[in-house]
Amino acid sequence: MNMRTKIFLSIFSAAMLTIICLGFVIYGLVSTRLHDNYIKRYQTLSSILADTLSELDSTTDHVMRNALTAIRSELDSKKSIPSNAQLATLRDQLEITSIDYVLPSGMITRSSDFKNDSDSVSYNLFQFCPAYRDLFTGKTRMDQTPLVPSAITGKITKYALVPGSNLSYVANVGYETKFIGQALQGTLKSDQNVASIELLSPSGTSLGYFAQDSSTHPKPKEHPQNNSQSSAKQTTTITNNLLMIESSVQSPVSQCCECIVKKLTLPSNGIFFYRLQTVVTLSELNKTLRNFKLAILLVSGLTLLGCFLLAQALSSKLVARIQRIDFMARQIASNGDTDLRLNERKGNDEIAKFAQQFDAMLDKIRDQKLEIQSNANSAAIARTTQMLAHDVRKPFSLVKSALSILSHAQNIDDVRKSMNVIGPSIDKSLTSVNAMLDDIMEIGRIEKPITEPTSLIAIIEASLSETFQVHQNTQIALRYNFASSPESVGEFRSG
């Protein structure tokens, strides 16, 4: 794996790990916030509905008490038991649901729900609540129920009971709180995420169920009991992609004998309150989270692509500098040219510092090389000088010896004999010394090539003049003729 790949993988891996971690953290934080806000949104909606139902229930009780006063005045004014038709007329005038005329025996003898006066029901008022007997004794002046299923129609109805002034009858007035259902249905229409709303008794008996789509959200067959004794408690559960929020709604009638008999309350305390159960689908939340996840993935992908390109560019740029330094180092190592330089002057990073230190090292190497060469030249000159001195000393010694011999010669014949013996040695030594001097002069001579036209005659005459200069008294004539040029014909005479 080359350096460029290593740098690229290092940068890209670090960027990818950072982006993935940031993506997870951001998604976790935002999804948690969205989830919490979604739940709080519908918890608030459930609380508002609970408060609204409580106010409507209290308003209904107030309306029913006013209706009871008018009904008792009307019934007290009649000298006989009113007919079913009369009760129906009075019901319509007061805009209530039903009026039952109950005898002291507890039997319902007349009702606005009966068509004929001969109609009757097998129900006895006291079987719903034995304490209703106190209405005929004057011990109880009025009794009320919360929303309970009607024994005659099966509809969810509120009841209020008031005895006549002579305690000869009890008027049982029923009122269907349709506006409560209308309020709940309005909530469903205003928010499509609310799958269903149901009003329950503490024991789990349904007192009203409303759903966006009954085929998708059918009415539950059974409900668990609520063992909570607080009317302000709210519970939230999530199951099967549904958010279930249950709020307790305080009822104006918390003690209800009929509720206990009909098993609407819990056996442990007999306290009545409403359970408002709101079921919300999590489809919108899940869709939002999916879209946010896709956005995170898209942004992460684009960021990774940008990091990929950036890593490519950075690794190429960094490695290009290293490769250039490596190339220059190889060049220097291969040809030994210490004058080459990396010249990495830009930046203050490690690569630039390395190049600058490398150039400084080359400067020192060049200086040391020049110093070594200078020392080697000096040593060579010293050795040459020693050799030259040694060789020069020899002919001088021979000349000294010759002079000594000549000084003892008696005649010209002795001189001639001595010179014949020692002369060749002197010539040989002088020839060797002259050769060494020529070599030294050749090495030290700095010659420049002649690029201008030069006369061959001038070169020949200069050379002959130097040669014949030692024989100035000798007359020498030299004729020459070069066929290449008419001007190269002439004559040279010494002297």
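Visitor: What share of the contacts in the chain with a separation of 6 or more comes from residues 24 or more positions apart?

Guide: Happy to start there, and bear in mind that this is a predicted model. Contacts here are heavy atoms within 4.5 Å. Among those with a separation of 6 or more, residues 24 or more positions apart account for 59%.

Visitor: How are α1 and α5 oriented to each other, roughly parallel or roughly antiparallel?

Guide: Take helix α1 (residues 3-76) and helix α5 (residues 178-190): their axes come within 10 Å and cross at roughly 165 degrees. Angles over 145 degrees count as roughly antiparallel. The two helices, α1 and α5, are therefore roughly antiparallel.

Visitor: Which residues in α5 do L45, L49, L53, L56 and T60 in α1 meet?

Guide: Good one to follow in the viewer! α1 passes α5 in a right-handed crossing. On the α1 side the contact uses L45, L49, L53, L56 and T60, and on the α5 side the partners are F179, I180, L184 and T187.

Visitor: How many charged residues does the contact of α1 with α2 have?

Guide: The axes of α1 and helix α2 (residues 84-94) come within 11 Å and cross at roughly 150 degrees, which makes α1 roughly antiparallel to α2. A67, A70, I71, E74 and L75 of α1 touch L87, L90 and L94 of α2. Glu counts as charged. By class, the contact of α1 with α2 has 7 nonpolar residues, no polar ones and, as charged residues, 1.

Key:
Residues are numbered from 1 along each chain as its sequence is written. This is a predicted model: local features need pLDDT of at least 70, side-chain atom pairs count only at pLDDT 80 or more; totals for chains, interfaces and linings use all residues. Side-chain values use heavy atoms; hydrogens and water are left out. Axes are lines fitted to C-alpha atoms, for helices over the stretch in contact, and angles run from 0 to 180 degrees between N-to-C directions. Helices (H or I, at least four residues) and strands (E, at least two) are DSSP runs, numbered from the N terminus. Angles under 35 degrees count as roughly parallel, over 145 as roughly antiparallel, 65 to 115 as roughly perpendicular and the rest as oblique. A crossing is left-handed if the near helix is turned anticlockwise from the far one by less than a right angle, and right-handed if clockwise.
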